[in-house]
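I am opening a page for a structure I have not looked at before. I want to go through the annotated site and then the packing around it.

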Amino acid sequence: MTPRRTSLPLRTAAIPAAMALTTALAFLPTTATALGRDGHAAASAAADGPSLSYVVNTRPGQDPSRIRKAIAQAGGTVVISYDRIGVIVVHSANPDFAKTVRTVRGVSSAGNTRTAPLPAQSTDDVDAPKLLSEKERQAVAAKATAGQDPLEPLQWDLPAIKADKAHEKSLGSRNVTVGVIDTGVDDTHPDLAPNFDRKASVNCVTGKPDTTDGAWRPSAEESPHGTHVAGEIAAAKNGIGVTGVAPGVKVSGIKVSTTGGSFYTEAVVCGFVWAAEHGVDVTNNSYYTDPWYFNCTTDPDQKALVEAVRRASSYAERKGVVNVAAAGNENYDLTSDTIVDPSSPNDGTPSDREVDPRVCLDIPTQLPGVVTVASTGAKGLKSSFSNYGLGVIDIAAPGGDSTAYQKPEPPATSGLIYNTLPGGKYGYMAGTSMASPHVAGVAALIKSTHPHASAARVKALLKAEADGIACPTDYDIDGDGTVDAVCEGGKRYNGFYGAGLADALDAVQK
């Protein structure tokens, strides 16, 4: 099939219309101001445009107070300054703010983080979630074997990465926390409450941490995406519902999406810095940074967004955090010479634009040091929607696929991924959004087994312990006689699966 994006910028794949009733989210149960001689902007900066959000990246060794003064003279108001990485979040109604500030001595780059005025315009989910009926849930629970949680028979994804066998040896350590940088996490869910780390949770939507109690939770109108991801990682093995890949570790909610589901640069920067400074060991990033699917470093605004998020994610890694990210759901070859991006900017007027993925980056997915995850289905093949590319994909994990393409073995019935939803509910979702948390969970198990391992060591073990998968001879996932994607590389490393399928059993015993 030809995958298309959901209405929200999440790493959740679109499934054919015939699947709509069984899927979650959208699938489930979806004029330059003159500068003074000192390099500061003149005080008479124009302010006749819509108020936008910006990031200003400073060069090392600069005096932040001097640059903040220049920002004010250019018509900007500082929201927060992350001096340890040289990133300043600013609001300004001066349409020439970025152009002006880029000329200030000590500024490396500056750019607007969105094209829509503050507050961000929102998009809406259009498909209502579908839940299993109580009768269906009871029927599933009757098939659970000794040691399984009641709804675990639906989770074909756990044995696919040997997580069920891993749980016989270890559930993971309470000293390990995975931060879910996402739409928010419902910590009141009975499968998440036992493992939730409130001290490591926050709302970062404005770019400035909000630690108000419960600020990390999604509202009833917001996407259930982050709650589903959190369950995949660390739903407790407590006899209630489902089981996570690492059901003994802690999970935190780092909310970075607007009510409408947009993940802007200032929020993502805040999320990574928060994780770095609050004891998070692994982050999961199942999104791309809005409003550009690909941020072109040849564009001064987009270049600034790449630099800001790169600084934040690198800072987290230096603090020992393993950053895991979803590869995306458009069946793009991320090593192509060109890709047509029809969806950017997604908060303004998108148009088809040809981009070179070597200089136009999907962030944080394509940033240095980030573990990039492709998705597999119930038959172990690359999911129909999953992006790919030799040298870009690091590892693969179950993210689901259309059941018509990859049907699981009984007792599971759906090729999608079943897990937690807000309000104590459960449902199906699919996408590289769902593959990434499986790898984050395995990384948490590795950290549990090797508590003193550096981020680099955990990443090395993730790849070394993965089960190699050779490229398929012909990848015709929908059976229409046309090759749907071309895999390059050998069994131990290729463009579909990277180093192979994540292995939870090796994570707890090697």
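**Active site**

I note at the outset that this is a predicted model. I looked up the UniProt record, an unreviewed entry, and it lists D182, H225 and S433 under "active site". I then checked how these positions sit relative to one another. They span 252 residues in sequence, but no two of their C-alpha atoms are more than 10.1 Å apart, so they gather at one spot.

I took H225 next and found it in helix α6. Is H225 buried or exposed? H225 has a relative accessible area of 0%, and buried means under 20%, so H225 is buried. I also looked for a partner of its side chain. The side chain of H225 makes a polar contact with the side chain of D182, at 2.7 Å.

I turned to S433, which lies in helix α9. S433 is buried as well, and its relative accessible area is 0%.

**Helices α6 and α9**

I looked up how these two helices are arranged. Helix α6 covers residues 225-234 and helix α9 covers residues 432-449. Their axes come within 8 Å and cross at roughly 35°. The crossing is right-handed.

Which residues of α6 meet α9? On the α6 side I listed H225, H228, V229, E232 and I233. On the α9 side they meet S433, M434, P437, H438, A440 and G441. I sorted the residues of this contact by type: five are nonpolar, five are polar and one is charged. I note that H225 and S433, both listed by UniProt for the active site, are among the residues of this helix contact.

Conventions
Residues numbered from 1 in each chain as written. Predicted model: local features only at pLDDT ≥ 70, side-chain atom pairs only at ≥ 80, totals over all residues. Heavy atoms only, no water. Axes fitted to C-alpha atoms, helices over the stretch in contact; angles between N-to-C directions. Helix = DSSP H or I, 4+ residues; strand = E, 2+ residues; numbered from the N terminus. Left-handed = near helix turned anticlockwise from the far one by under 90°. Contact = heavy atoms within 4.5 Å. Nonpolar A, V, L, I, M, F, W, Y, C, P; charged D, E, K, R; others polar. UniProt positions renumbered as here; feature names shortened; annotations may be inferred. Buried < 20%, exposed > 50% of the residue type's maximum accessible area, 1.4 Å probe, protein only. Polar contact = N/O pair within 3.5 Å; in protein donor to acceptor, adjacent residues only side chain to side chain.
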